[in-house]
Structure formats: C-alpha cells, structure tokens
Amino acid sequence: SNLGFAWPGQPELIDIPGFQLQPGESLFLKGPSGSGKTTLLGLLGGVQQPDRGTVRLLGTDLGKLSSSARDHFRVDHTGYIFQQFNLLPFLPVLENVLLPCRFSTSRAQRARKRHGSIEQAAIQLLGHLGIRSELLTRRADALSIGQQQRVAAARAMIGQPELVIADEPTANLDSENSRMV
C-alpha cells in the first residue's frame with residue numbers, strides 16, 4: 001500500500017496507491033523496457049526496499065524486518081526466477097537447485113514431505129522441466145542458456161514456496177520448454 005520508489009537522482013518510478021494479490025492468484029506484468037517491472041518485482045519480493053509505503057507478504061511487513069530477517073523470510077516463502085538466472089556458475093545443476101533447501105528448513109521439510117528427500121524433489125522438478133539426469137552433475141556455466149533458465153525455475157519452485165516471482169521466466173525458451181515451465 002502507498003508504494004513508492006525512485007532510483008537515486010531519478011523521478012519516482014513506482015507509485016502504487018494499493019494492490020493485493022490473494023493466495024492462488026497470478027499476476028502478469030507487461031510494459032516497455034525501463035517501465036519498472038523488474039523493480040516492482042524486487043520490491044514485492046523484499047529484494048529492494050521502497051522509499052515509502054508498505055509491502056506485506058503473508059501478513060508480514062517486509063519493511064519492519066532487518067536485512068537478515070528479510071533474507072530468511074524471503075528464502076522460506078519466496079521462489080525467485082531472476083531475469084539473469086543468478087545460478088552459481090561453479091556449482092553443479094543439482095546443487096544450484098538445492099540451494100533454497102540448504103538455507104531454508106521449511107522449504108527442505110516441504111520438499112522431503114512431498115518427495116522423500118530434497119534431492120528427489122530437485123531431480124523430479126528438473127526432469128519435469130526437461131533437464132536430463134546426465135546434466136545433474138554438470139556445472140551451471142556449462143549449460144545452454146535455455147537449460148540455465150529451466151534450472152533457475154526448478155530452484156525457485158523447490159520446496160513449494162508460497163510466492164514465486166518470475167522475471168521473464170521463459171524469455172530464452174522455445175514454446176515446448178516454455179509450456180513446461
């Protein structure tokens with residue numbers, strides 16, 4: 001509510017008097033490059049802080065959390081598919097997907113409950129997204145751009161976070177892989 005944000009020395013980019021998204025709802029943002037879509041997603045996910053206003057996620061005011069508490073809250077409740085993927089290039093595919101479960105006991109517990117183990121959860125997600133088992137041990141930087149995008153999607157979805165923020169999640173995918181994501 002009353003959300004406002006401007007980059008330093010720039011006019012206000014975000015001015016949203018009020019907005020709500022209910023559980024189970026989806027929102028698609030469309031606009032020209034530079035219109036603030038990625039900035040808004042960063043604000044909604046607690047990656048960035050607004051200049052004014054409140055962002056509440058699952059009843060929690062993100063602005064009232066310390067930076068560390070916001071990071072913990074985000075990893076527990078939010079899966080984020082970044083526009084540039086943000087995979088760790090030196091880690092294998094499987095380890096990149098498991099990262100949220102390494103930092104969040106709640107996501108790890110949800111993955112174990114549904115799949116038996118966090119590794120099984122990752123393998124099933126990757127398989128569903130068309131990542132073959134022989135790629136699981138390959139370094140992330142040795143994958144094609146489309147494969148990296150699907151690995152980033154699996155990482156965002158592991159452990160069933162309550163909110164998935166996806167910034168152009170299928171921009172580098174063909175229609176079949178886009179459908180799978």
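**Model.** I worked from a predicted model.

**Helix pair.** I looked up how helix α3, residues 93-103, sits against helix α4, residues 105-115. I found that the two pack at an angle of about 115 degrees, and that their axes are 5 Å apart. I then listed the residues in contact. On the α3 side they are Pro100, Cys101 and Phe103; on the α4 side I noted Thr105, Arg107, Ala108 and Ala111. Sorted by class, this contact has five nonpolar residues, one polar and one charged.

**Largest pocket.** I recorded a volume of about 1300 Å³ for the largest pocket. Its lining takes in 40 residues, and I noted those closest to the centre as Phe19, Leu21, Leu27, Leu44 and Leu163. I checked which elements give two or more residues to this lining, and they are α1 (37-44), β3 (56-57) and β6 (163-166). By class I have 18 nonpolar, 15 polar and seven charged residues in the lining of the largest pocket.

**Second largest pocket.** For this one I wrote down a volume of about 420 Å³. Of its 15 lining residues, Arg74, Val75, Phe82, Pro100 and Arg155 are the closest to the centre. I traced the lining to α2 (67-77), β5 (78-81), α3 and α6 (145-157), each of which supplies at least two residues. The class count for the second largest pocket is nine nonpolar, two polar and four charged.

Definitions and conventions
Residues numbered from 1 in each chain as written. Predicted model: local features only at pLDDT ≥ 70, side-chain atom pairs only at ≥ 80, totals over all residues. Heavy atoms only, no water. Axes fitted to C-alpha atoms, helices over the stretch in contact; angles between N-to-C directions. Helix = DSSP H or I, 4+ residues; strand = E, 2+ residues; numbered from the N terminus. Contact = heavy atoms within 4.5 Å. Nonpolar A, V, L, I, M, F, W, Y, C, P; charged D, E, K, R; others polar. 1 Å grid on protein atoms, 1.4 Å probe; cavity = no way out; pocket = protein on both sides within 12 Å on 5 of 7 lines; lining within 4 Å. Points joined across faces, edges and corners; volume = space filled by probe spheres on them.
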